Amino acid sequence: MREKHRVLSLFTLLVYLFLLGPLLIIAVASFEPSSVLKFPPTGFSLKWYHNILDVTMFLTTFKTSIVVSLIGNLLALLIGVPAAYALSRFQFKGKDALNAIFISPVLIPGIVLGFTMLRYLIVAYHLPIYAALLIGHTVIMLPFIIRVIASSLANFDFAVEEAALSLGAGQLETFFKVVLPNIKSGIIAAVLIAFLESFNNVDISVFMTGPGVSTLPIQMLTYVENHFDPTIAGISVLLMIFTGIFMFIIERLMGLSYFTKR
């Protein structure tokens, strides 16, 4: 039995090394003082982190990514919250088909979805690049909003809503004062997950960007084509920290939502 535990522990360690090893290598290589990315580094320097601030396109595209993710998140919420509520609360004809339509952006390969949006939103309908980018990110965030909020609604006792209605509250008043407060942690978690998906997206953004409009991941790809210094490794480390903080918050919120329902 003890031998089995040792084998399992060794296997688990190898899995973690396989998953986290490349991230650790990037993190260590980001401190390389020379102008060429290498591992192990020949010294220790923070100058490439300072270089991130010196490249104006990184700051510009970072702002674009933030704005697009936030506005797209708001639009996805306006569509996703009512959709998740309807799919969880009611039984109606075509429910499965409607649910499949909402989830389809996750199932369709990103390159196919991005090219389709390019073909119709920009080429066929001549939408501005910024508007097309915003629509594309709203579409890819919508499945995450709906699925996470629907999971929260699955733990919600709709008898509470019916009790509020029977006591004279209106349908909208009940929704905003009874339903939403009970699933707020799920909504916040959905917003954070969707934000990360949008902020780090490449396959849709690469088709939806153009002259004067780009996102941070696309700008990072463009930078790598012309430079091989540790600046991108530095940005990657900052994004890993950024993502880790978000995932910690999401985990705490989902755990809080679970124990609250229990």
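A residue counts as buried under 20% relative accessible area, as exposed over 50%, and as partly exposed in between, using a 1.4 Å probe and protein chains only. The model here is a predicted one, so local features need pLDDT of at least 70, side-chain atom pairs count only at pLDDT 80 or more, and totals for chains, interfaces and linings use all residues. Residues are numbered from 1 along each chain as its sequence is written, and side-chain values use heavy atoms, with hydrogens and water left out.

With a relative accessibility of 64%, His 126 counts as exposed. His 126 sits in the loop between H5 and H6 (helices are DSSP runs of H or I, at least four residues, numbered from the N terminus). Its phi is near 55 degrees, a positive value in a residue other than glycine.

In contact terms (heavy atoms within 4.5 Å), Leu 113, Met 117, Leu 121 and Ile 122 of H5 meet Ala 132, Ile 135, Gly 136, Val 139 and Ile 140 of H6.

Then there's Thr 174, in helix H8 (residues 171-182). At 1% relative accessibility, Thr 174 counts as buried. Its side chain reaches the backbone oxygen of Gly 170 at 2.7 Å.

Terms used
Helix = DSSP H or I, 4+ residues; strand = E, 2+ residues; numbered from the N terminus. Polar contact = N/O pair within 3.5 Å; in protein donor to acceptor, adjacent residues only side chain to side chain.
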